[in-house]
Amino acid sequence: GPCPIIPITISPTNSQNEGELLSYYPTFWYNGSAQLLIEAWTNGGAPYNARQCLKFDYSPIPIGATIDSAKLFLYADPNPSNGNFIDAMYGSSNSCYVQRITSTWVMPNPFTWNSQPSVTTANQVIIPQSTSSSENSVIDVTSLVRDMMLNGNNGFFIRLVNEVTYNCRQYVSSFGSDISKHPKLIVKYH
C-alpha cells in the first residue's frame with residue numbers, strides 16, 4: 001500500500017543556528033537573544049536594520065524522503081524588547097521575505113551585516129503585512145525545504161521586504177523562556 005506520511009517537529013532550544021544581522025553593529029553576529037528581530041528602526045536617531053538567519057537540523061529526515069509539506073511557526077514575542085516595546089508587530093510595511101541561504105555557515109560567527117550570506121529568491125515566501133500587533137506567523141516553506149534537501153541546508157534568511165524606518169516583527173527565539181513559543185518547523189514526509 002501507500003507509504004504513510006510521517007510528521008516530524010523540529011524545534012531546538014538555545015540553537016546556535018539562529019542569529020541576527022544588525023546594521024548598527026555591522027561586524028557582529030548576534031546569537032543568544034531571546035528574540036528573533038526583523039526590523040527597520042532608529043537608535044538615538046540613527047536608522048538601522050535587523051535581519052535574521054535561522055537553520056533547522058534536518059538529520060531526522062531520511063535521505064531520499066519525499067517532503068509533502070513543511071510549515072515554519074514563529075510566535076510573537078509577548079514582551080517586546082525592541083521597536084516601541086509594546087507591539088511585537090508594528091508598522092505599515094512589515095511584510096517579510098523568507099529566502100533560502102546558499103552560503104555555508106562557518107561557526108561560531110557565520111555572518112555579519114558586513115558579510116551577509118548569499119541567498120536565492122527562488123521559491124521565496126512572503127510573510128504578509130501584520131494585521132495585529134501580537135500575531136503569530138505560520139509560513140508554508142515546503143518548496144524551500146525541498147530545495148534545501150536537494151541543494152544543501154543552509155537555512156532561512158528573513159528580512160523586511162521594504163526596510164523603511166519604524167517597521168518591525170519580534171518573534172520568540174529558541175532562547176526564549178517559553179519553550180512552546182520557540183520557532184518550529186513541522187515537516188511531513190514519506
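Trainee: Is Arg 51 buried or exposed?

Mentor: The model is a predicted one. A residue counts as buried when its relative accessible area is under 20%. Arg 51 has a relative accessible area of 12%, so Arg 51 is buried.

Trainee: Which side chain does Arg 51 meet in a salt bridge?

Mentor: To call a salt bridge, look for a side-chain nitrogen of Lys or Arg within 4 Å of a carboxyl oxygen of Asp or Glu. Arg 51 meets the side chain of Glu 163, at 2.8 Å from N to O. Arg 51 belongs to strand β4 (residues 46-54) and Glu 163 to the loop between β10 and β11 (167-172), so this pair ties together parts that are 112 residues apart in sequence. Glu 163 is partly exposed, with a relative accessible area of 23%.

Trainee: How many salt bridges does a search of the whole structure find?

Mentor: The search finds three. One of them joins the side chains of Arg 159 and Glu 163, at 3.9 Å from N to O. Through shared partners, salt bridges join Arg 51, Arg 159 and Glu 163 into one network. Another is formed by the side chains of Arg 169 and Glu 135, at 3.4 Å from N to O. That pair links distant parts of the chain, with Arg 169 in strand β11 and Glu 135 in the loop between β8 and β9, 34 residues apart. Arg 169 is buried, at a relative accessible area of 0%, and Glu 135 also counts as buried, at 17%.

Trainee: Which side chain of opposite charge is nearest to Glu 20?

Mentor: That side chain is Arg 51, 12 Å away. Glu 20 is buried yet has no salt bridge. The place of Glu 20 is in strand β2 (residues 18-22). Neighbours within four places in sequence aside, the contacts of Glu 20 include Phe 28, Trp 29, Tyr 30, Leu 37 and Arg 51.

Trainee: Now the nonpolar core. How many residues does the largest one have?

Mentor: The largest nonpolar core has 33 residues. Those with the most contacts inside it are Tyr 58, Val 98, Val 141, Phe 156 and Leu 185. Several elements supply at least two residues each, among them β1 (6-10), β3 (35-43), β8 (119-127) and α1 (142-151). β5 gives the most to this core, with four residues. Another core, of eight residues, lies apart from it and includes Leu 21, Ile 101, Trp 105 and Trp 113.

Trainee: Which residues of α1 are buried?

Mentor: They are Thr 142, Leu 144, Val 145, Asp 147 and Met 148. Just after α1, Gly 152 takes a positive phi of about 105°.

Trainee: What does Leu 144 touch?

Mentor: Leaving out residues up to four places away in sequence, Leu 144 touches Val 98, Gln 99, Arg 100, Ala 122, Asn 123, Gln 124, Val 125 and Phe 156. Leu 144 is buried, with a relative accessible area of 0%. Sequence and space can be read together here: Leu 144 and Asn 123 are 21 residues apart in sequence and 6.1 Å apart in space, C-alpha to C-alpha.

Trainee: How does α1 lie against the strands, and in what order do β1, β5, β9 and β12 come?

Mentor: α1 lies across β5, β9 and β12, and runs at about 115° to β5. The four strands form an open sheet in the order β1-β12-β5-β9, with antiparallel pairing. β1 and β9 stand at the edges with a single partner strand each, so one side of each has no neighbour in the sheet. Neighbouring strands of this sheet are turned by 20° against each other on average, direction ignored.

Trainee: How many bridges join β5 to β12?

Mentor: Six bridges join this antiparallel pair.

Methods. Residues numbered from 1 in each chain as written. Predicted model: local features only at pLDDT ≥ 70, side-chain atom pairs only at ≥ 80, totals over all residues. Heavy atoms only, no water. Core = buried A, V, L, I, M, F, W, Y, C linked by side-chain atoms within 4.5 Å. Buried < 20%, exposed > 50% of the residue type's maximum accessible area, 1.4 Å probe, protein only. Contact = heavy atoms within 4.5 Å. Lys, Arg positive; Asp, Glu negative; His and termini not counted. Pairing = 2+ DSSP bridges. Axes fitted to C-alpha atoms, helices over the stretch in contact; angles between N-to-C directions.
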